[in-house]
Amino acid sequence: MRRQFSLVILVAALPILSACGQSLPDDKAAYVGEWHAQAMDVELTKDGTVRYKRVKRNTTAGTTTISIDAPLRRFEGDNFVVGIPFLTATFEVSTPPHQEAGTWKMVVDGVELTRIP
């Protein structure tokens, strides 16, 4: 019998720390919304909350699920950094939000995401 392992990493900011998040700057408004791919979901809100979930399936190690629900710290170019002091994650945006045939897309950590209308 194959065993399934699940690793869940949850970064949940305490209400007092969530006030440390940054609202999305006007020039990054295209990032706002719910973004989806087969094994990845990212949501960025205008007030600076970031929710992320990614499921990786591996034939030898089973399934790994990474979830983050944390405040936006800052943008570094097109990339965005989320978390609380001393515990952050940087999301690499190789293709920023753009429209293709009327559909919004972006590439985060090598995964093409589509914004949910």
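User: What puts Phe75 and Phe80 in the buried class?

Analyst: Buried means under 20% relative accessible area, exposed means over 50%, and partly exposed lies in between (1.4 Å probe, protein chains only). Both Phe75 and Phe80 are buried, so each has a relative accessible area under 20%. This is a predicted model, where local features need pLDDT of at least 70 and side-chain atom pairs count only at pLDDT 80 or more, while totals for chains, interfaces and linings use all residues. Residues are numbered from 1 along each chain as its sequence is written, and side-chain values use heavy atoms, leaving out hydrogens and water.

User: What makes Phe86 count as exposed?

Analyst: Phe86 has 88% relative accessibility, and therefore it counts as exposed. Phe86 is found in the loop between β6 and β7. The phi of Phe86 is near 75°, a positive value in a residue other than glycine.

User: And Ala101, why is that one called exposed?

Analyst: Its relative accessibility is 87%, so Ala101 counts as exposed too. You can find Ala101 in the loop between β8 (93–100) and β9 (103–108). Its phi is near 50°, again a positive value in a residue other than glycine.

User: Back to the rings! Why is the aromatic pair of Phe75 and Phe80 called tilted?

Analyst: Rings of Phe, Tyr and Trp (its six-membered ring) pair if their centres lie within 6.5 Å; planes under 30 degrees apart count as stacked, over 60 as edge-to-face and the rest as tilted. Here the centres are 6.1 Å apart and the planes make 55°, so the rings pair and count as tilted.

User: How do you know that the aromatic pair of Phe80 and Phe91 is stacked?

Analyst: Use the two values: 5.0 Å centre to centre and 15° between the planes. That angle falls in the stacked class, so the pair gets that name.

User: What does the pair of Phe80 and Phe91 tie together?

Analyst: Phe80 lies in strand β6 (residues 79–84) and Phe91 in strand β7 (residues 87–91), so the pair ties together parts that are 11 residues apart in sequence. Strands (E, at least two residues) and helices (H or I, at least four) are DSSP runs, numbered from the N terminus. Both Phe80 and Phe91 are buried.

User: Which residues do ring pairs link into a cluster?

Analyst: The cluster is made of Tyr31, Tyr52, Phe75, Phe80 and Phe91. The structure holds 5 aromatic pairs.
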